[in-house]
Amino acid sequence: MQESLPTATAKALERRAARDMIQDRLFRGLLLACALLVLVTMLGAAGSTLWGGRDAFAKFGWHFLVSSAWDPSTDVYGALVPVFGTLVTSFLALLIAVPISFGVAFFLTEVAPRRIRGPVASAVELLAGIPSIIYGMWGLFIFAPFFADHIKPWLTNYLGDQPDDGKLSWVAAHVPLVGKLFGSSYPFGASVLTAGIVLAVMVVPFVSSVMREVFQTVPQRLKESAYALGASRWEVVWDIVVPYTRSAVIGGVFLGLGRALGETMAVTFVLGNSMNLSISLLDPGSSIASTIANQFSEAVGLQKSALMALAFLLFVVTFIVLLIARLMLRSLAAKEGKS
């Protein structure tokens, strides 16, 4: 009887090991299936848009990428204006949103009293849950008229090359490109700059939330040591917090950029949806998403194929942006490893 106990225990352990191995294989297979599902979905989306835009690519070739023409009446299409508008509005959104997001995250982690950190953080995160069409309506009915009445005239008169009195300001006359960037005779508020500002408002909650979370991961002893040596709050953030969280901060910024690149409804409301190529930020423009949203329901034939080709280009642009982000993060990780 005493000799059978080790044997029974060994068999029980063997059965448990076999059962654990089967469960581990099932779990691994399930995770692999989830990963492959994401990959298949991504490839399917890219492949379907590429297949749908094959007629436009076949007819226009590479000229489709560099042409600013978009005329459904003659079936002549080019992607330059939507691609240019997408990149410019997204860049403006990041240019505005990143400093604000950094300030919000810095305030919540280093400056704000504990009793108000929670409510302010919740309010910022609540902005991320607002539907984009609400931002678009706010931009169209409230911000765009305010922009046209109060902000645009100042920019046109003091920075643009088309002031109301005909006299160029010193900045417009001596700083290259500034006059053209802020010169416009378009009387309404919908413009590339308006779309960039509205996108920035939408991007701030995402970027600031990521920054706040990663700032909180910095060991408290590092910051306390810097304060003990006489460092100011700005020096602690710039010399301790930012280097410690640099990779995650860059990832959060590119996350916000991806959000801006694919935004549709808000941009459609405030961009002006003009297919004319203009360097001025105060003129209306177009983006890939807004062009598809405006025209796809009535598109047929070659126009529909051109819109599908635009969708494929948006996928490619987003993929390139994320690839650049991965390469930057890998480069930073390699430098940190060497140091």
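Buried means under 20% relative accessible area, exposed means over 50%, and partly exposed lies in between, with a 1.4 Å probe and protein chains only. With that in hand, let us walk through some close-ups. This is a predicted model, in which local features need pLDDT of at least 70 and side-chain atom pairs count only at pLDDT 80 or more, while totals for chains, interfaces and linings use all residues. Residues are numbered from 1 along each chain as its sequence is written, and side-chain values use heavy atoms, with hydrogens and water left out.

**View 1. Glu125, Arg212 and Glu213 are linked by salt bridges.** Glutamate 213 has a relative accessible area of 41%, so this residue is partly exposed. Its side chain meets that of arginine 212 in a salt bridge, 3.5 Å from N to O (a salt bridge is a side-chain nitrogen of Lys or Arg within 4 Å of a carboxyl oxygen of Asp or Glu). Arginine 212 is buried, at 11% relative accessibility. Arginine 212 also forms a salt bridge with glutamate 125, where the closest N and O atoms are 2.5 Å apart. Glutamate 125 sits in helix α5 and arginine 212 in helix α9 (residues 192–215), so this pair ties together parts that are 87 residues apart in sequence. Helices here are DSSP runs (H or I, at least four residues), and strands (E, at least two) are too, numbered from the N terminus. Glutamate 125 is partly exposed, with 37% relative accessibility.

**View 2. Lysine 223 and glutamate 110 form a salt bridge.** Their closest N and O atoms are 2.8 Å apart. Lysine 223 belongs to helix α10 (residues 220–228) and glutamate 110 to helix α4, so the bridge ties together parts that are 113 residues apart in sequence. Are these two partners buried or exposed? Lysine 223 is buried at 6% relative accessibility, and glutamate 110 is buried at 11%. The count of salt bridges comes to six.

**View 3. Helices α4 and α5 pack together.** Helix α4 (residues 80–111) and helix α5 (residues 114–128) pack at an angle of about 160 degrees, with their axes 10 Å apart. That makes α4 roughly antiparallel to α5. Axes are lines fitted to C-alpha atoms, for helices over the stretch in contact, and angles run from 0 to 180 degrees between N-to-C directions. Angles under 35 degrees count as roughly parallel, over 145 as roughly antiparallel, 65 to 115 as roughly perpendicular and the rest as oblique. Residues of α4 in the contact (heavy atoms within 4.5 Å) include Val104 and Phe107, and those of α5 include Ile116 and Val120.

**View 4. Helices α9 and α11 also pack together.** Helix α9 and helix α11 (residues 233–262) meet at an angle of about 155 degrees, and their axes are 9 Å apart. The two are therefore roughly antiparallel to each other. Among the residues making the contact are Leu199, Met202 and Phe206 of α9, and Val241, Thr245 and Arg259 of α11.

**View 5. Serine 132 is found in helix α6 (residues 132–158).** Which residues does serine 132 touch, not counting residues up to four places away in sequence? Its contacts are Met202, Glu263, Met265 and Ala266. Serine 132 counts as buried, at 19% relative accessibility.
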